[in-house]
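User: I would like to learn how to read a structure feature by feature. Could you walk me through one?

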Amino acid sequence: MIWAAALCTILSFGACEDSLNLQPKSEIGEGVFYKNDQEINLAVISSYNSLQSLMQYEWLVTENRSDNTNMNASSSESQDLPMRELDRFVQNSQNIYVEKYWRAAYHTIAMANTILDRIDVVTDPALKNRYEAEARFLRAFSYFRLVRLFGAVFIIDTRITGEEAKSYERQSEAAVYDFIVEDLKMAAADGNLPQDVITAEEGRLSQYAAQAELAEVYITRRSGNDLSDAKALLTSIKESTKFALQTTYASVFSTTNEYNNEILFAVRYKSGSVGLGSPFANWFAPKSSDNYVVNGNGLGYNYPTQSLGIAYEAGDTRKDVSMGESYFGKSGKVVVDSYIKKYLSTVTTALDAENDWPIIRYADVLLMLAEVTNDLDGPSDETLDLLNQVHQRAGLSAIVLTNVNTPFGFRLALENERRLEFAFENKRWFDLLRTKRAITVMNQHFRAEFQYNDPIHPSFKTNDLNEWQLLLPIPQFEIDLNPAITQNYGY
């Protein structure tokens, strides 16, 4: 694992509070650091670990805004208000979690830019290509999230000062996607990243992870030959035979089986009170459950919705791995309360769990390949086989072609499969945006889910979404620093 070598470096990089988080601060000082291969390597590892800050808030701006989760209905109407605003799509430009996510994304971008500006100190050509590819992937990874959540954003490709940032303008979504694609093309090119990552470096990128990320960008952008290019990339990953579905769904997420051959890329966590543990076991355990679900109590965030609970067919093994609907409390009493189980593990210290957060799984490769093949050629035995590999792994009977024999019918089956397969992995909202189903699905969700129609809590009521609400507002602090910056419509 890559943690120990980087720990001192990780702790020396703090988040910059300047505009756009453009330059990471280091207690070491840049005049002393970034001067050889080893120090660039440590900076790259530190950039990987910066993704923990991004994931800390990503569930709030993705899964929490989908029909998979919401804020716990037992909370008071004023409790966790900035989180509930995101859940109900009534956040404004001063929402603290919108700002935190924005800052975290640009901090990773800043770290990548610093590495790229200093990359020439690396003397080994192969290492130089690898470090550059890793930095460009992490930069593209952050921009891919920003462009889908905020639309037009600032393209920063080098280290700049806060004062220089005031002259920057938001670039079009098309320009941002072009920038992302160029970074990922470099990362995915032969020879830049290893095809096999050794055990000691688990958590670092392979060429196949970069190819999968680029394929997702292509099927999201859908311009020119994007779908054909995505199919070629995903087919290459599948034909490499380096990845496979785990025999059981539970084994994918086991802390004794991390970075198994279904994981192409994950954000890594390490328990043991070293500052790298995962907070999600405690955050997602039932509110006020004391130590009956996880040591240190639960906060009940990211609460599974009613509609998700009933979406699982009888016998679907994914449900019990992903969520619980009750637990044994004091004196063995059954407490009925839904909660996320996917990131639960034995926790000695609160907010210090071992569980990695999967970003790209082989199941995603198969289902993206099914999606792009259906969009290009319609449903077929080939697309159905890809879908059924994932579906049947969950202990379910195969879907038959007569039930999904139109492109739209197959898309709906695929949409449902992805919802259940990747529940609580922050993919649902991005899926709904990509397929342009967000407004239809979410408006149905707001009308059907009880908590938004509870007469006891009228402030939880949520109106139908408008198109402009699909984007988050640009954080107000950026507007304050540069009043010439345009705000997203509606805010």
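User: Thanks! How many of the 16 residues of α15 are buried?

Analyst: Some ground rules come before the answer. This is a predicted model, in which local features need pLDDT of at least 70, side-chain atom pairs count only at pLDDT 80 or more, and totals for chains, interfaces and linings use all residues. Residues are numbered from 1 along each chain as its sequence is written, and side-chain values use heavy atoms, with hydrogens and water left out. Helices are DSSP runs (H or I, at least four residues), as are strands (E, at least two), both numbered from the N terminus. Buried means under 20% relative accessible area, exposed over 50%, and partly exposed in between, with a 1.4 Å probe and protein chains only. Here 13 of the 16 residues of α15 are buried, so the helix is largely enclosed by the rest of the structure.

User: And how do I check the span of α15?

Analyst: Take the expected span as 1.5 Å times one less than the number of residues. Helix α15, residues 362–377, reaches 22 Å from its first C-alpha to its last, close to the 22 Å expected. Just after α15, glycine 378 takes a positive phi of about 85°.

User: What does α9 show for its end C-alpha atoms, and how many of its residues are buried?

Analyst: The end C-alpha atoms of α9 are 21 Å apart, which agrees with the 21 Å that its 15 residues should span. Of these residues, 14 are buried, so α9 is largely enclosed by the rest of the structure.

User: Which residues other than glycine take a positive phi?

Analyst: Phenylalanine 89 is one of them, with phi of about 60°. Its place is the loop between α4 (81–87) and α5 (96–118), and at 2% relative accessible area phenylalanine 89 is buried. Phenylalanine 424 is another, with phi near 70°. That residue sits in the loop between α17 (407–421) and α18, and phenylalanine 424 counts as buried at 0% relative accessibility.

User: Now the nonpolar core. Which residues have the most contacts inside the largest one?

Analyst: The general idea is a set of buried Ala, Val, Leu, Ile, Met, Phe, Trp, Tyr and Cys residues joined through side-chain atoms within 4.5 Å. The largest such core has 138 residues, and Tyr143, Phe150, Ile180, Leu264 and Phe265 have the most contacts inside it. Helix α6 (residues 125–150) gives the most to this core, with 13 residues. There is also a second, separate core of eight residues, including Val293, Val294, Tyr327 and Ala353.

User: What is phenylalanine 150 in contact with?

Analyst: Contact means heavy atoms within 4.5 Å. Leaving aside neighbours within four places in sequence, the partners of phenylalanine 150 include Val98, Trp102, Arg170, Leu471 and Ile474.

User: Where is isoleucine 474 found?

Analyst: Isoleucine 474 is in the loop between α19 and α20 (476–481), and at 0% relative accessibility it counts as buried. Its C-alpha atom is separated by 9.1 Å from that of asparagine 92, although the two are 382 residues apart along the chain. Beyond four places in sequence, isoleucine 474 is in contact with residues including Ser93, Trp102, Phe150 and Asn488.

User: Is asparagine 282 buried or exposed?

Analyst: Asparagine 282 counts as buried, at 2% relative accessibility. This residue is found in helix α12 (residues 280–284). Not counting residues up to four places away in sequence, asparagine 282 touches residues including Val294, Asn297, Leu299 and Val347.

User: How about pockets: what is the volume of the second largest pocket?

Analyst: Rolling a probe the size of a water molecule over the atoms shows where empty space is left. On a 1 Å grid over the protein atoms alone, a cavity is a set of points where a 1.4 Å probe fits but cannot get out, while a pocket is an open set with protein on both sides within 12 Å along at least five of seven lines; lining residues have an atom within 4 Å of a point. Grid points are joined across faces, edges and corners, and a volume is the space filled by probe spheres set on the points. The second largest pocket has a volume of about 490 Å³.

User: Which residues are the closest to its centre?

Analyst: Of the 17 residues that line the second largest pocket, they are Arg148, Glu173, Leu433, Arg434 and Lys436. The largest share of the lining, four residues, comes from α18.
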